[in-house]
Amino acid sequence: MSHLTESSAWQALSSHQPSIKHMRELFKEDPQRFEKMSLKSCGFLFDYSKNRLDDKALELLIELANSANLPAKIKAMFAGEAINTTENRAVLHTALRADSNADIRVNGENIVPEVQQTLAKMEQFVADVHQGTWKGHTGKTITDIVSIGIGGSFLGPKIASQALRPFWTGHLNCHFVANVDATSIVEKLKGLDPETTLFVMSSKSFSTQETLTNTLSARKWLLDSGAEQSAVAKHFVAITSNVPKATEFGIDANNIFPMWDWVGGRYSMWSAIGLPVALLIGFNAFRELLAGAAEMDEHFATQPLEQNMPVLMGMISLWYSNFYGSQSQVVLTYDHYLRGLPAYIQQLDMESNGKSVNLAGDELDYTTGPIIWGGEGTNGQHAYHQLIHQGTALIPADFIMPLNSHNPLGEHHAQLASNCFGQTQALMQGRTYEESLAELANSSLSDAEKDVIAKHKVMPGNRPSNTILMDKLTPKTLGSLIALYEHRTFVQGAIWDINSFDQWGVELGKVLGVNVLAELNPSNQCNKFDASTNALINCFNSNQI
Ligand SMILES: O=P(O)(O)OC[C@H]1O[C@H](O)[C@H](O)[C@@H](O)[C@@H]1O
């Protein structure tokens, strides 16, 4: 038994869980349930009343958070302590959106001035590109940005650009290349003009195979168009923490935007990794994005645990993972512009909390990160909501929706909202056998047939959901929303005593992939590895199924 599962709060939660009534009963018993289990802050209404929680469970979850020293761990992160213990690094994505007068030290040095200098460099660059001061090698204004990056160097800018489409200034179009599959870059370059295309190469390590390969192909595309080598300086900029490797690669030193090792890749869109977003929406709007995140930081750092949105979201999610055996959780965005957000949260949370040893390196005796997935509503209702309503798995859901659409059109938004709210209600209350049978009362079925069909129509309900509403999707609310999920992830990692900020699990596949690559050529009959891998390699080499 670990320190966590031995704790009195954990034990109390475990013994209390079976006594919690069906949500239908909880709502019947307490007309004030919504008032007691909802929160307004940072422009959000956070409704957590449709959860399998009573007052006692909530109280014990907060007690568990305190017994895990969550308040002290939150302070340690904001203070720049090396909480990423396996890499001996601070975790300071919050510093990227901190006030310019803040004093946040890493190894005794205040890092805020360099963050501000980089923001200023970004702002000037955005202005130069927008105003045509920055031109291509033939003197033409830039029309298209091609962002090359993967993982945390891709998904943040990608989904933020998509979410903030109504805020694009109109100066530029943007294309994202991530996968090493040539189809990605070939399709994205189709129809682009080498004279007016700017490549933004994003790689914290400057050693990611996919990104380097795509950048080499992009450079070849430019030079094959007849451009001189000197043209590269006008069509490539880079964001990296590895400046020497970037200059060695041929990126002009003046075109390199720094980032730092105290920013994790999946937490980096607030840094110069967010340059594609700033180029699309303008720098003032990018500052709004940062301000939204900063507001959530302030909330997270100052609010008592029981009034703290990321803490409540994190603890409620943990409640289902550790006390209901829930293996996956779903994020449902009832907004087409937010259709990419579930994938972003998936990367953020699963790469952070997909761990199985604690900070000391000991195997854990409890579940950690859930499988995060999701998509846009109402599409999911026609795809996977059946399982969420009537499947055997318990899948807690987050519903996210703005009150106001950027595209008000007749009944559309009211119908979207009615679906969002109707789904959370159906998940909560379900449909009893008696209700199902009553619905069949006038059917021509026999009594025996009605009995069977009614059983198939029963929906257990008691399926939990959080609902997050905002006035409108803007750079500010998007910033607060993403920061909310960053801190939710932090909360869970802190309780589970794991390192949410390294990712040792992604390395082996890459190393083995390099060994396989060395065996891929038509004349080679590989027998170096296991029978399966050898066979796959030889099938590829022979180009024959
Ligand atoms: O930004 P880069 O150094 O190119 O890394 C890109 C991505 O690759 C790695 O595999 C990590 O899993 C990600 O956290 C990272 O964002």
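Predicted model: local features only at pLDDT ≥ 70, side-chain atom pairs only at ≥ 80, totals over all residues.
View 1. The label comes from an unreviewed UniProt entry, and it covers Glu351, His382 and Lys510. Two of them, Glu351 and Lys510, belong to the lining of the largest pocket.

View 2. Glu351 is part of helix H16, which covers residues 341-353. With a relative accessibility of 29%, Glu351 counts as partly exposed. Leaving aside neighbours within four places in sequence, Glu351 is in contact with Arg266, Gln346, Asp502, Gln503 and Val506. Lys510 sits in another helix, H22, made of residues 507-517. Is Lys510 buried or exposed? Its relative accessibility is 54%, and anything over 50% is called exposed, so Lys510 counts as exposed.

View 3. Two packed helices are described by the angle between their axes and the distance between the axes. For H6 (residues 70-78) and H14 (residues 283-302), the angle is about 140° and the axes are 9 Å apart. These two helices are therefore oblique to each other. Look for Ile74, Met77 and Phe78 of H6, which meet Asp297, Phe300 and Ala301 of H14. Sorted by class, the residues of this contact are five nonpolar, no polar and one charged. H7 (residues 112-131) packs with H14 at an angle of about 145°, with the axes 10 Å apart. On the H7 side you can find Leu119, Met122, Glu123 and Val126, while H14 brings Phe283, Asn284, Phe286, Arg287 and Leu290. The contact of H7 with H14 has six nonpolar, one polar and two charged residues.

**View 4. Asp471 meets residues from elsewhere in the sequence.** Asp471 lies in strand E13, residues 465-472. Which residues does Asp471 contact, once its neighbours within four places in sequence are left aside? They are Gly43, Pro402, Leu403 and Asn404. Pro402 is 69 residues away from Asp471 in sequence, yet their C-alpha atoms are 5.4 Å apart in space. Asp471 has a relative accessibility of 48%, so it counts as partly exposed.

**View 5. Ser147 is a buried strand residue.** You will find Ser147 in strand E5, which covers residues 144-148. Its relative accessibility is 1%, and buried means under 20%, so Ser147 counts as buried. Beyond its neighbours within four places in sequence, Ser147 is in contact with His175, Phe176, Val177, Val200 and Pro276.

View 6. Most residues other than glycine have a negative phi, and most peptide bonds are trans. Asn69, in the loop between helix H5 and H6, has a positive phi near 60°. Asn462 also has a positive phi, about 60°, and is located in the loop between helix H20 and E13. Asn69 is partly exposed, with a relative accessible area of 46%, while Asn462 counts as buried at 9% relative accessibility. The peptide bond from Gly377 to Thr378 is cis, with omega near 15°. Thr378 belongs to the loop between strand E11 and helix H17.

Key
Residues numbered from 1 in each chain as written. Heavy atoms only, no water. UniProt positions renumbered as here; feature names shortened; annotations may be inferred. 1 Å grid on protein atoms, 1.4 Å probe; cavity = no way out; pocket = protein on both sides within 12 Å on 5 of 7 lines; lining within 4 Å. Helix = DSSP H or I, 4+ residues; strand = E, 2+ residues; numbered from the N terminus. Buried < 20%, exposed > 50% of the residue type's maximum accessible area, 1.4 Å probe, protein only. Contact = heavy atoms within 4.5 Å. Axes fitted to C-alpha atoms, helices over the stretch in contact; angles between N-to-C directions. Parallel < 35°, antiparallel > 145°, perpendicular 65-115°, else oblique. Nonpolar A, V, L, I, M, F, W, Y, C, P; charged D, E, K, R; others polar.
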